[in-house]
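Trainee: I'm new to this one. Could you walk me through how to read a strand and its aromatic rings?

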Amino acid sequence: METNAYNQKLNRYVLDDQIVYTGFSSFKDAEDCANKKGGTLVEVGFKDGNDNPQITHEAGLIEKKLHYYVYAGNEYKFIHSSDPGFRKYADELQKIKSEMRQDAPDERYLANFEIENAEDPIIVIKNDHFESVTSRERSKYLKHAEVYELGVSLPKS
């Protein structure tokens, strides 16, 4: 079983004459895997609301040195747990949630556990307002989203 830098399972896809791995935790993680295995970095698009990968260059992940990007229209913003702004949004969401529930101070501290331990969390913002928290895998099925991930391609042997 192949894993990323956080020991999470990678997704493996067999496409025509190649095997492609996705699910890397960072650009560097994918780069290290490609170097270790003698593979090539590729951009993989999931654009049909399913888990059907296509090799693409539409999001420019390799040039931008990104490992994940979602486009679901101009009104939506998807903030991945590795994005610099994620911590700020996650902290704000926990404050709002604990105030709504009127948690005791010690319970507010424990509430952060939920977002931090969700599987590869993504915060979804619509028109600059919080909409939901989802996972990287589930983002492929939301909002007619076009999900792009950095992959490592190896020749099929």
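Predicted model: local features only at pLDDT ≥ 70, side-chain atom pairs only at ≥ 80, totals over all residues.

Trainee: Which residues of strand β5 are on the covered face, and which on the uncovered one?

Mentor: The general idea first: side chains in a regular strand alternate between the two faces of the sheet. In β5, residues 68-71, Tyr68 and Val70 make up the covered face, while Tyr69 and Tyr71 make up the uncovered one.

Trainee: In what sense do β5 and β9 pair, and over how many bridges?

Mentor: They run antiparallel, with four bridges between β5 and β9 (residues 146-155). For instance, Tyr68 has Glu149 of β9 as its bridge partner.

Trainee: What do Leu66, Tyr69 and Tyr71 form on the surface?

Mentor: A nonpolar patch, with about 250 Å² of accessible area together. Leu66 sits in the loop between α2 (61-64) and β5. Its relative accessibility is 34%, so Leu66 counts as partly exposed.

Trainee: Now the rings. How many aromatic pairs are there?

Mentor: The count is three. One of them is Tyr69 with Tyr148, a stacked pair at 6.4 Å centre to centre and 25° between the planes. Because Tyr69 is in β5 and Tyr148 in β9, this pair ties together parts 79 residues apart in sequence.

Conventions:
Residues numbered from 1 in each chain as written. Heavy atoms only, no water. Buried < 20%, exposed > 50% of the residue type's maximum accessible area, 1.4 Å probe, protein only. Helix = DSSP H or I, 4+ residues; strand = E, 2+ residues; numbered from the N terminus. Pairing = 2+ DSSP bridges. Patch = residues over 30% accessible without salt bridge, like charges linked within 9 Å, V, L, I, M, F, W, Y side chains within 5 Å. Areas by Shrake-Rupley, 256 points an atom, 1.4 Å probe, with all protein chains shown as cover. Salt bridge = Lys/Arg side-chain N within 4 Å of Asp/Glu carboxyl O. Phe/Tyr/Trp six-rings, centres within 6.5 Å; stacked < 30°, edge-to-face > 60°.
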